[in-house]
Amino acid sequence: MTMSRLGAQPTEVIDRTAKLRFRWNGKRFDGFEGDTIASALAAAGEHVFSRSMKYHRPRGILTADYWDPNLLVQVGDDPNVRAGHRLLEAGMDVRPQNVWPSLHRDIKAANGLFGRFLTAGFYYKTFMRPAWLWPTYERVLATFAPGGKIDLDTPHRYHDKRYMHPDVVVAGAGPAGIEAALAAAAAGARVLLVEHEHAVGGHLRYSSSDSARAALAELRAALDASDVEVLTNSTVTGRYEDNWLGIVQRNHPIAVERLIKARAKVLVAAPGLIERPYVFSGNDRPGVITSGAARRLINLWGVKPGERAVVFTANSDGDAAAADLDRVGVEIAAIIDGRDQKRVSSAEGSSRALQAVVAGGNRIEADLLVVAAGWTAPTSLLNMAGDRPVHDPAAARFFPSDPPGNVLATGGLAGDGRIDELRAHGAATGRLAAQRAAAVAHRLQALTARARPVEGNEPAWAPDERTPLGRDPHPELYRSDTHGMVDLSEDVGSKDLVAAAREGYDSVELAKRYTTATMGPSQGKLETVNTVAAIAEARGETIAQVGTTVWRPPYAPLTLGALAGRVFEPVRVSSIHPWHEANGVSTILAGQWIRPDHYGDPAAEVRNVRTNVGLIDVTPLGKLDLRGPDIPKLLNLLYTNKWSKLPVGKVRYGMMCAEDGVVLDDGVTGRLAEDHYLMTTTSSGAGSVWEWVENWLQTERPDWKVHVTPVTTAYVSINVAGPKARELVGRVTEGVDLSPEAFPYMEVRLATVAGVAGCFMWRIGFTGELSFEIHAPSGHGLHVWEALMDAGQDLGVGPFGLEGQRIMRLEKGHFIVGQDTDGLTLGPSTGLGPLIKLDKDDFAGKPELAWAADRSLPMIVAIQTDDPNVVPEEAAQIVRGNTNEILGRITSARMSPTLGRSICLGQVEPELAAGGTKVTVLLASGERISATVMDHHAHFDPAGERLRG
Amino acid sequence: MAESPAFESPVVRSYEFSSGGPLMLTDASPTTKWLVRGEVGGAAAERLDAPFGSSRDAGGGALVLGSRPGEWIVLGPADAVASVVAGLDGLDSSEFLTALDWTHGRALFLVTGTDAPRMLEKVCSLDWSDAMTPDGAVASASVAKVTCDIARHDDDGTPAYMIFCDRSFGQYLFDALIDAGNEFGLSVGPAGP
């Protein structure tokens with residue numbers, strides 16, 4: 001097989017004035033713009049491109065397109081590149097994959113010597129025993145894994161994503177697909193035409209006939225003049241419910257790939273046909289190519305595929321290939337006509353090249369065998385739509401059976417015909433698609449509130465009155481009188497499939513998985529029919545009786561980058577965030593919030609709050625604005641305690657439990673006016689509590705008059721904490737008497753702070769210190785924060801972050817829902833049993849809490865280690881003595897800067913809950929330490945004198 | 001005491017501003033916005049006259065957006081918005097009606113230009129065709145994975161969209177919109193109501 005570049009061809013797509021230099025297998029090569037990697041290499045005389053997966057047999061061009069199983073190469077750090085499809089670029093470094101030490105001398109080819117032992121199921125059967133050797137097996141087998149090399153240092157590339165809502169998507173831009181797109185667009189539909197190859201035209205592109213060239217020119221001109229949006233080098237990868245389509249666009253200027261999620265009203269499947277290889281001895285030898293490959297090489301890239309050819313043809317495409325070969329000077333040694341019951345038996349030669357073809361007992365010397373044995377109808381998109389294509393033995397391929405009405409097939413998928421017949425069918429399909437799309441559009445508009453109003457009734461669903469395409473008779477050519485490769489991607493031969501059937505894997509789905517036939521990079525496009533035929537032959541049945549595997553998405557393999565698309569990772573920040581960034585903050589991601597964790601020294605922040613005054617940005621604290629006369633009823637339903645008599649200006653703490661009595665959230669709610677309350681939730685519970693409240697209102701109590709609005713970020717929330725908090729807040733606040741008598745603990749006032757009106761100020765805090773929590777309109781939040789900072793310089797004001805707050809709340813013994821509680825923590829376990837008012841008429845979780853009231857439950861308790869310097873890990877187990885019987889766990893633990901010792905909260909079995917009980921804590925290191933349960937939750941200021949100051 | 005300070009936008013990064021271009025993104029977060037809730041088919045609904053999914057020019061530069069059944073966003077110059085809201089007082093004493101100032105809680109961005117629908121297709125799954133989202137349409141959707149209210153309010157025949165989101169997502173969403181608009185030559189306009 002000696003390939004070389006031909007003179008200019010009338011249909012070629014290369015620009016011979018644009019030479020591109022690249023490297024292949026360590027050597028320099030030249031190609032032209034418009035070449036694929038494979039065509040450039042073929043023109044340079046290369047004929048071995050890869051080694052097969054299992055036996056490492058040398059492989060050359062088979063189909064010279066996207067589906068070619070032998071043309072997977074490494075390009076730079078990009079593995080598994082399809083050299084039959086990827087266009088050549090200057091400077092490309094192209095290398096063969098998984099060969100050692102070289103492509104032409106691959107040691108692993110020795111596998112071929114043991115081929116008879118490496119049949120289907122070899123791995124499953126061989127490496128099961130002894131089980132203890134599996135890690136060794138795994139390491140060795142991993143070295144045989146196919147594919148290229150991934151460089152983990154490769155920078156993340158930009159993958160884009162886009163949504164579309166076209167009326168009609170046409171998958172495939174052959175003559176029928178183009179006509180369908182044009183006709184649908186002419187009927188007023190918005191049309192997206194998606195072509196897998198680099199240009200529209202389908203098989204017309206590599207046809208040398210005048211009529212084909214004229215038709216292609218006409219179609220291209222019509223497309224250019226139309227409103228059809230055309231995507232080339234793009235693939236409709238999947239069809240999902242309601243024509244939700246995945247489309248990968250591989251040639252977008254701003255992204256290496258773009259994933260398009262399109263909701264098509266009608267999908268037209270026009271992928272054409274894929275030429276099916278023929279199974280015979282040596283059918284994977286370099287020099288054996290499909291007729292399509294021969295025609296593409298000659299007509300698209302001006303490559304002479306050999307010097308002396310045998311053509312095995314059973315159809316007009318094979319005949320056309322023979323004519324093309326003859327035209328460009330390839331000697332035709334023989335034409336073996338499959339329509340006359342003639343067969344190719346074997347291809348013989350050296351390990352790298354074809355030397356002779358055996359047919360009908362004759363040995364014909366040749367360096368090229370061109371095979372035209374029939375077609376596979378890539379019915380994937382129809383399968384995904386629920387269709388089960390049926391096999392027609394007279395035409396030797398599958399045809400659609402009954403796809404849903406919003407999925408139409410045309411072109412080779414639907415039948416055979418001359419170019420004009422295919423075009424006519426395509427046009428009729430486009431018109432039908434547009435009519436049906438109009439009906440869908442009418443329905444969607446009528447159902448969508450924002451849409452333009454529609455007039456009249458929904459158009460009737462247009463009947464399918466297309467004149468069907470014919471079906472050309474074709475001999476059933478799957479396997480010759482010898483065995484050969486069925487799946488060149490996976491190195492699965494017809495013998496393997498026969499053996500699998502003999503072993504009982506006679507269902508095509510089982511045989512596929514057992515042998516891995518059809519599971520390689522070609523995804524069955526070349527292999528499925530021959531696989532089914534081999535099983536049918538082994539079972540003595542027809543292909544129709546065996547049936548096929550179900551083609552699922554994706555239609556063609558796609559990258560993980562394409563699936564991931566553009567990465568959207570929303571993050572939230574408060575209005576004060578710029579100040580935090582400018583002042584050395586160390587942040588922590590809490591949910592979606594970027595929050596200040598500390599500003600360098602959390603312990604120092606704690607000491608400053610305990611002695612002076614500190615500010616913390618607690619904006620993420622959930623805030624729900626409640627309005628309406630029925631709020632007390634709602635609060636009584638949501639919280640375990642009572643709310644009917646909360647006066648205006650007062651704030652109350654509440655604990656929410658779910659219907660199962662498990663603690664759901666907690667927070668304070670203040671009454672701002674007669675029918676106006678502000679509820680706060682935990683930061684992490686802001687969203688779920690809102691949904692919880694709305695769920696109760698909308699589904700259980702729709703008659704209650706309460707409007708709930710999340711206002712979490714309408715207000716910046718600043719907690720001013722410390723002994724000097726009152727003095728600091730007083731310096732910037734107007735209109736509020738801040739004295740303890742006038743504004744005591746657990747009350748709320750409307751204030752003007754730093755000139756900002758409309759601020760809510762509560763006397764609450766989480767640190768155990770005198771605290772004022774200021775909720776200022778967010779558009780002025782940064783101003784208020786900076787004003788407080790400026791005003792408190794002489795008071796030693798400083799910021800503190802989440803870590804400092806966590807320490808102080810632990811010193812004070814406040815539990816955190818989700819940290820100190822879990823999905824089984826019932827309300828009474830928190831130690832807040834007195835807040836559970838079982839004498840209320842009803843509230844969420846009441847039956848479970850009533851049940852729990854009479855039982856001993858695990859309890860949240862404060863714990864101190866006997867060695868004050870040991871801080872147990874959070875989640876360290878509390879065990880019984882030296883046993884492993886678990887009696888609880890540490891839920892929070894820190895070193896207290898205030899107390900100079902380790903402090904904890906934990907959940908323990910009721911028997912350990914009494915103050916003074918000694919417990920054993922099992923550390924992660926395995927060490928067991930002694931600790932003591934405290935009398936109350938607060939490690940610091942248990943009487944609460946500081947916070948009430 | 002300091003005087004009432006200027007409104008701080010959620011978009012705090014610096015951008016190179018342009019006063020014009022085929023596709024513009026503008027931060028209009030300071031715009032006064034009120035959320036009104038009433039009863040479906042009630043007196044307020046009749047007065048506001050912007051059914052769910054649609055919008056109405058309420059005069060004085062105020063817009064009423066029918067954001068959900070029984071829920072409206074009123075936005076525009078503060079006095080015009082106040083006038084619309086005040087006009088609901090006393091319509092029907094039996095109707096449960098509330099209104100709150102949402103200006104500080106919601107960021108508002110404007111995307112204007114012929115390519116605006118194509119840009120929005122990159123961040124939002126809505127159908128932006130004239131049939132499904134005509135001038136005056138109002139919708140709620142995920143934009144770059146952030147829950148948003150969206151209203152189309154064309155600018156003299158040029159497609160224009162208002163995008164409202166929770167203020168805390170403002171900077172993130174603004175950057176996501178810039179990223180989406182880069183391929184269409186997006187310009188960032190100076191902030192303002």
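Colleague: How many bridges join β7 to β10 in chain B?

Modeller: Seven, with β7 (residues 106–113) and β10 (residues 160–166) of chain B running antiparallel. Within this pair, Leu108(B) stands opposite Phe164(B). As a general idea, side chains in a regular strand alternate between the two faces of the sheet.

Colleague: How should I treat the confidence values?

Modeller: Where pLDDT is low, predicted coordinates should not be read in detail. pLDDT is the predictor's confidence in each residue, from 0 to 100. Chain B has a mean of 94, and 97% of its residues reach 70 or more. For the complex, the predictor gives an ipTM of 0.96 and a pTM of 0.92.

Colleague: Which strands form the open sheet of seven in chain A?

Modeller: The order is β41-β42-β43-β44-β40-β34-β45, again with mixed pairing. Its edge strands are β41 (733–734) and β45 (798–799) of chain A. β41(A) pairs with β42 (residues 748–753) of chain A in the antiparallel sense over two bridges, and Thr733(A) has Val753(A) as its bridge partner.

Colleague: And where is there a hairpin in chain A?

Modeller: β23(A) and β24(A) form one, with two residues between them. Four bridges hold the antiparallel pairing of β23 (residues 354–359) and β24 (residues 362–365) of chain A, including the one between Val358(A) and Arg363(A). In the turn, Gly360(A) has a positive phi of about 55°. Ala64(A) also has a positive phi of about 55°, although it is not a glycine; Ala64(A) is in the loop between β5 (58–59) and β6 (72–75) of chain A.

Colleague: Which peptide bond ending at Pro130(A) is cis?

Modeller: The one from Arg129(A), with omega near -10°. Pro130(A) is in the loop between α2 (122–126) and α3 (134–142) of chain A. The bond from Pro553(A) to Pro554(A) is cis too, with omega near 0°.

Colleague: How many cavities of 30 Å³ or more are there?

Modeller: Rolling a probe the size of a water molecule over the atoms shows where empty space is left. Here there are four, a cavity being a set of points, on a 1 Å grid over the protein atoms alone, where a 1.4 Å probe fits but cannot get out; lining residues have an atom within 4 Å of a point. Grid points are joined across faces, edges and corners, and a volume is the space filled by probe spheres set on the points. The largest cavity has about 80 Å³, and its lining includes Phe398(A) and Trp551(A).

Colleague: What conventions apply?

Modeller: Residues are numbered from 1 along each chain as its sequence is written, and chains are lettered from A and ligands numbered from 1 in the order in which they are written. Local features need pLDDT of at least 70, side-chain atom pairs count only at pLDDT 80 or more, totals for chains, interfaces and linings use all residues, and side-chain values use heavy atoms, with hydrogens and water left out.

Methods. 1 Å grid on protein atoms, 1.4 Å probe; cavity = no way out; pocket = protein on both sides within 12 Å on 5 of 7 lines; lining within 4 Å. Pairing = 2+ DSSP bridges.
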